[in-house]
Structure formats: C-alpha cells, structure tokens
Amino acid sequence: MAVKRYTWSYPYFIFLAVFAVLPLVLVAVYAFQDSGGHFTFANILRFFNDSDALNTFAVSIEVAIENTALCLLLGYPAAWILSNSKYNRSAVTVILFMLPMWVNALMRTLATAGLFNMLGVNLGKGTLLFGMVYDYLPFMIYPIYNVLNKMDRSYEEAAADLGATPMQVFWKITVPLSKAGIISGIMMVFMPTVSTFAISEFLTNNKVKLFGTIIQENINSSMWNYGAALALIMLVIIGITTFFWNDDNKMEEESAI
C-alpha cells in the first residue's frame with residue numbers, strides 16, 4: 001500500500017500541537033481562571049489597574065525600541081558590507097558574525113556581566129542595551145544580508161548610469177529594495193526584547209525590570225493565573241502589532257505594483 005505524501009506531515013502537526021498550541025491554550029485557560037479554577041476576567045482587569053505592571057510594560061517597549069534602533073543602525077552597514085563583494089572578499093567575515101550565535105545566549109550574558117564587573121562599570125540601562133545589542137545584533141544582520149545578497153545589482157548600475165550619486169543609489173535603490181530584510185530584522189529583534197528577562201536581571205541586577213521579569217516573578221510566586229494573564233496580554237499586543245505591520249506592508253507592495 002502506497003503511503004500518501006501528506007502522512008509525512010503528521011509528526012510536524014503533532015509536534016506543533018504539543019509544544020506550540022497546547023502551551024498557548026494552557027496560558028489562556030489559566031489567564032481566565034482564579035485560584036479556585038473558576039472563570040473570571042479579574043486577572044486581565046488587574047493588569048490595567050496595576051501601575052507597576054503598566055510602568056514595566058512601558059519601560060519594556062522603550063527598551064525594545066531603543067535596542068531595535070541600535071541594532072538597525074549597526075546591523076545595516078554590517079549587512080551591506082557583507083553582501084558587497086568589493087569589501088567582503090572572504091567568507092571569514094561572515095563566520096565572524098556567526099560565531100557569537102554558536103554560544104548559548106545565557107552564557108554570553110553572564111560573560112558580559114562578568115566583564116562589566118571586572119571593569120567596575122555600574123550596571124544599569126546602558127549595560128542592558130549593550131548586552132541586548134550584543135545578543136540580538138546577528139538577528140538584524142542576517143535577514144538584511146540575505147536580501148541584499150540576492151538583490152539584482154543591475155538596478156544600482158542603471159541608477160548610476162543615469163547620473164545618480166552613490167548616496168542617491170543607496171537611499172533610493174538599495175534601501176527600498178532591502179525593506180523586506182529590514183522589517184524581518186526589526187520583528188526578530190523587537191519581539192524577543194519585549195519579553196526577555198534574563199538579560200535585564202544579569203546586566204542591571206534588577207535595577208531595570210522588563211515585562212518578562214514581572215511574568216517570571218508572578219510564576220515563581222505561584223501566582224500562575226495573573227502571570228498567565230500578563231503573558232497572554234503581551235502575546236495579544238505583539239500579535240496585533242505584527243498583523244497590522246504585515247497588513248501595511250502588503251498594501252504598500254500592492255500600491256507599488
């Protein structure tokens with residue numbers, strides 16, 4: 001009896017159901033229950049009345065925007081250099097950017113914290129942003145690098161032939177054509193930054209609390225329901241943001257066509 005091709009997808013569906021869908025369902029169930037297991041909206045409403053949680057969420061958004069902006073400012077030139085054969089004549093440069101990703105993120109953070117302690121640097125928001133840029137910069141570089149590396153260089157050559165300066169070619173041709181990579185990089189950096197907690201703990205000694213830290217503290221204090229509600233709110237906000245962002249991008253692409 002011949003095995004149909006779609007049967008090979010069953011293991012992936014099972015994996016997604018157990019390790020992706022089920023945890024999200026459990027988070028939603030706990031978020032709308034009280035300690036006695038009864039249905040309630042109290043956990044969701046508590047967030048909007050909790051000034052500490054609201055302030056922490058605002059700080060998380062602020063740090064995420066700053067980290068994403070820094071990664072973009074540093075990552076785009078690096079990606080452009082990596083994709084430009086004029087400056088990048090060896091695959092060694094690509095490997096050098098990949099090496100940090102071969103080390104566990106927690107180990108990198110601990111090493112960075114140890115370095116700051118050895119140098120006597122006061123831990124705070126500055127060290128937090130340094131550590132975040134160090135950890136998340138590769139996630140900004142590689143989506144942009146992939147797009148730039150596959151880009152048709154004839155557009156740049158045509159613009160140069162028509163009299164455009166190198167700066168005009170860069171801003172009017174290269175940057176717009178690499179927009180998909182920029183957006184992917186922004187999403188890959190922004191979203192994990194909002195929800196992280198380990199980096200802020202080790203690089204600020206909890207002087208700067210992020211939203212992930214609040215969730216962790218509630219879970220560790222056995223306040224599962226409120227912690228799940230905070231996690232659900234964060235997921236919903238990120239999901240809505242992603243949806244409208246992608247929708248705007250589609251509308252821009254259609255209008256360009």
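## Helix packing and nonpolar cores

Leaving aside residues up to four places away in sequence, Cys71 touches Tyr76, Val133, Tyr136, Leu137, Met140 and Val189, where contact means heavy atoms within 4.5 Å. The model is predicted, so local features need pLDDT of at least 70 and side-chain atom pairs count only at pLDDT 80 or more, while totals for chains, interfaces and linings use all residues. Residues are numbered from 1 along each chain as its sequence is written, and side-chain values use heavy atoms, with hydrogens and water left out.

Cys71, together with Met132 and Ile144, touches the most other members of the largest nonpolar core, which has 31 residues. Such a core is a set of buried Ala, Val, Leu, Ile, Met, Phe, Trp, Tyr and Cys residues joined through side-chain atoms within 4.5 Å, and buried means under 20% relative accessible area (1.4 Å probe, protein chains only). Helices 3, 5, 6, 9 and 10 each supply at least two residues of this core, and its largest share, twelve residues, comes from helix 6. Apart from this core lies another one of 20 residues, including Phe57 and Leu232.

The protein chain has twelve helices and zero strands; these are DSSP runs, numbered from the N terminus (helices H or I, at least four residues; strands E, at least two). The axes of helix 3 (residues 51-83) and helix 6 (residues 125-150) come within 6 Å and cross at roughly 45 degrees, the axes being lines fitted to C-alpha atoms over the stretch in contact, with angles from 0 to 180 degrees between N-to-C directions. The residues of this contact divide as follows.

| Class | Number in the contact of helix 3 with helix 6 |
|---|---|
| Nonpolar | 21 residues |
| Polar | five residues |

Note on methods
Ala, Val, Leu, Ile, Met, Phe, Trp, Tyr, Cys and Pro count as nonpolar, Asp, Glu, Lys and Arg as charged, and the others, Gly among them, as polar. Buried means under 20% relative accessible area, exposed over 50%, partly exposed in between (1.4 Å probe, protein chains only).
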